[in-house]
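Hello,

Here is the structure I promised to pass on to you. Have a look at it first, and then read on for what turned up in it.

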Amino acid sequence: MSAAKSQACAPESDALTARPAWQALAAHHAEIGDAHLRELFAADPERGTTFTAEAAGWFLDYSKNRVTAHTLELLTALANDCGLAGRRDAMFRGDAINTTEQRAVLHVALRTPASQKIVVDGQNVVAEVHAVLARMSVFAEDVRGGRWLGYSGKRIRNIVNIGIGGSDLGPVMAFEALRYYSQRDLTVRFVSNVDATDLIEALRDFDAAETLFIVCSKTFTTQETLTNAHAARDWCVAQLGDETAVARHFVAVSTNVEGVTEFGIAAEQMFGFWDWVGGRYSMDSAIGLANMIAIGPENFRAMLAGFHAMDQHFQNAPMAHNLPVLLALLAIWNNNFLGATTVAVLPYAQYLKRFPAYLQQLTMESNGKHVTRAGNPVAIETAPILWGEPGTNGQHSFYQLIHQGTRLVPCDFIGFCQSLNPLRGQHDLLTANLFAQSQALAFGKTADEVSAEGISEALAPHRVFEGNRPSNTLLAERLTPATLGALVALYEHSVFTQGVIWDIDSFDQWGVELGKALAQRLLPELTPDDAVALAHDSSTNALIERYRRQRIDEDADRLPAAVD
C-alpha cells in the first residue's frame, strides 16, 4: 500500500498516520518518491561509503535504497515518536510487552552472560538459563563422546529432532548454517511435518539402537509433534523389544514434566525453557539441543555470544548507526511509502539455504497482524511477504521478475568475504555475482545504453533495465557461530522495531489457531462413517466426501524395520 493510498484509507483516529512524523514522511515521499538511484549516486559521490553501518561482525551497505540523509532523519524521528527506545528498554527489562498473553519477551536473556541479572517475578532468569545450558552441555558432550549409550549398549550415531514451527525452523536453519562445524560421525535430521513421509524417510536407514530422539514441545501437547513422537516411540520399541528402552533413546525439551514422564522420558532428561521464550525466538534455548550436540557446547556458546553482541548494539548504539533500527526503518519506507509488499532475502552462501524459510516465520508470524495492540484495525500494510533462495541458484529462477517485472521487490543480499570451502576461485565468482546483482538492480540499463550496444530498435525494449530497485548488502568476514548468532539477532530486533512503529504485538500468533481448531473438528469426520453428519459449507462437505471414498486404511505399520 503506497503512502498516498494509506493516507486515503486511514481513519481519522489512526494514531500512526496522524502523527506529525508520519505526515512529514508522506510529504517527503511526494518530493523524492520518483528519484532514481542513478541521480542519488551522481549527486553524492561518497554515498557508497557514508550510507553504511557496522556492528557485531556485520557490515551493512544500505546506499542502494531510495533514501536521502533527510529521509533517514525523518524515519528516525518517527521511531522516536513511536517510543522505540522505551519499548526496547521494556523488553530488555522483562516487562510484559506481549500484551495479549501478558508475558515478558526475553529471548535476549537466553544469550546474556552469567555475570548479569534480569529479574522477572523475583527470579534471576539469567541464572536459570545458565543452569539449563550447563545441563545441555554435559549431555551434549556425553553423546558426542560416546558416553551416552543406547538401550543395547551401542553408541548413539543418529540424532532426530522432532518439533514444528519455532521448534524446527530455527534449529534446522542453524544446523545447516553451521554444518561445517558439526561432528561428522553424527547424523542429525529434523522431522516436523505430520505427513508420515517426513518421519519415515528420516528413519529409513537408521538403526533404533543407535538413534536418539529429541522431542521439542513446550506444552508436550503439540499435535503434530506428539503424533510424530509416538510413531517414533513405536518404531523404537518395535526394534528394541522393550518399553523401557524409551528412556535411553528419547529426551524432551518441554515444561510439562507429567506429560514427558508419562511418555517414558525420565524427568532428568527433560530440558526446560520458559513462557517468556516465543517459539520463533527459541533456537538459542534448549530447543537448540540438537545443534549443541552437532557443533559442540563451545561453538554453541560462541553463537550465543554473537547474539549478545548484536543485542548490546541494538540496545546502546545511536539510531543513525544502529543496524537493526536501520534495517527496520528502510523496510518501513519501502513497504509503507514505496508500496513494496514483498522482500527477497538472498544469501550468497549455500550453508544459509534455510535462512529465508526461518525468516518467513520470524517476520510474518510476528508482524502479520491486522489490529494494533489496543485492538483497533491498522490502516497501513504491516509485514511484507518474505521469500528467497540462495544465490546463485535464484538468479536462474526468479531474478527475471526482480529485475524487469512490474512489482518492486526490495532485496537483502547476504555474503561473506571468505569461504569455508575455498575451491579454485569459485568464491570470487559467487561474490562477483552478489555485487553485480545489487548493482544491476540499482542502476539498470537505459535505452541509450542498449542502443549504443547496437541492439535493434525492435529488441531494445526487451533489453532495458529500469533499475531503481532498492537493496541492502550485508557482509561478514566468514560464516562462524558468532556471525550467525549476530545475524539472527539483527533480524529479530529489526522485526521488533517494525512492530513498535506499527503499534502491533509482534510476539503473539493467534492467526495459527483457527485452522488448528477446525482441523480437530474435521478429523473424526474423515473416516467413512455415514453416521457422522457433515455440517460444513458445500465445498468442505464435498471434499470430505471425496476423501472418504478414496482414503485407505492406515492401520498397517509402514515404518522401516531395523537396518541389517
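**Strand 7 and its sheet**

Strand 7 is covered on both faces: Thr211, Phe213 and Val215 are buried on one side, and Leu212, Ile214 and Cys216 are buried on the other. With 6 of its 6 residues buried, strand 7 is largely enclosed by the rest of the structure. Please keep in mind throughout that this is a predicted model.

Which strands pair with strand 7? Strand 5 is joined to strand 7 by 5 bridges, and the two run parallel. Within that pair, Ile159 stands opposite Leu212. Strand 8 also pairs with strand 7 in the parallel sense, over 4 bridges, and here Phe213 faces Phe250 of strand 8.

These strands belong to an open sheet of 5 strands, in the order 6-5-7-8-9, with parallel pairing. Strand 6 (187–191) and strand 9 (270–271) are at the edges with a single partner strand each, so one side of each has no neighbour in the sheet. For strand 6, a partner is strand 5 (residues 158–162), which runs parallel to it and is joined to it by 5 bridges. Val160 is the residue that stands opposite Arg189 of strand 6.

Helix 11 (residues 223–240) lies across strand 5, strand 6, strand 7 (211–216) and strand 8 (250–253). Its direction makes an angle of about 160° with strand 7.

**Strand 12 and its partners**

Strand 12 (residues 411–416) is another mostly covered strand, with 6 of its 6 residues buried. Strand 10 (residues 342–347) pairs with strand 12 in the parallel sense over 4 bridges, with Leu346 opposite Phe413. Strand 13 (residues 471–476) pairs with strand 12 as well, in the parallel sense and over 6 bridges. In that pairing Asp412 stands opposite Asn472 of strand 13.

Helix 6 (residues 69–81) has 13 residues, which at 1.5 Å a residue should span 18 Å; the C-alpha atoms at its ends are 18 Å apart, in agreement with that. Which residues of helix 6 are buried? They are Thr71, Leu72, Leu74, Leu75, Thr76, Leu78 and Ala79. An α-helix has 3.6 residues a turn, so residues three or four places apart point the same way. The cover over the buried residues of helix 6 includes helix 2 (15–18), helix 3 (20–32), helix 7 (84–93), helix 16 (323–337) and helix 22. After helix 6 comes Gly83, with a positive phi near 75°.

Helix 16, one of those covering elements, has 15 residues and reaches 21 Å from its first C-alpha to its last, close to the 21 Å expected at 1.5 Å a residue. Of its 15 residues, 14 are buried, so helix 16 is largely enclosed by the rest of the structure.

Helix 22 (residues 481–502) contains Thr497. Is Thr497 buried or exposed? Its relative accessibility is 0%, and therefore Thr497 counts as buried. Apart from neighbours within four places in sequence, Thr497 is in contact with Leu84, Phe314, Val325 and Ala328.

**The chain as a whole**

Stepping back, the secondary structure of the protein chain comes to 24 helices and 13 strands. The radius of gyration is 26 Å, close to the 24 Å that the globule rule gives for 564 residues, so the chain is as compact as a globular protein of that length. Its C-alpha atoms fill a box of roughly 75 × 60 × 60 Å along the principal axes.

Buried residues account for 54% of the 564 residues. Among contacts between residues at least 6 apart in sequence, 74% join residues at least 24 apart. The chain exposes about 24400 Å², and carbon and sulfur atoms supply 52% of that area.

Best wishes

Definitions and conventions
Residues are numbered from 1 along each chain as its sequence is written. This is a predicted model: local features need pLDDT of at least 70, side-chain atom pairs count only at pLDDT 80 or more; totals for chains, interfaces and linings use all residues. Side-chain values use heavy atoms; hydrogens and water are left out. Buried means under 20% relative accessible area, exposed over 50%, partly exposed in between (1.4 Å probe, protein chains only). Contact means heavy atoms within 4.5 Å. The expected span of a helix is 1.5 Å times one less than its number of residues. Two strands pair if DSSP finds at least two bridges between them. Axes are lines fitted to C-alpha atoms, for helices over the stretch in contact, and angles run from 0 to 180 degrees between N-to-C directions. The radius of gyration is taken over C-alpha atoms; the globule rule is 2.2 Å times the number of residues to the power 0.38. Accessible areas come from the Shrake-Rupley method with a 1.4 Å probe; for residues, only the protein chains shown count as cover.
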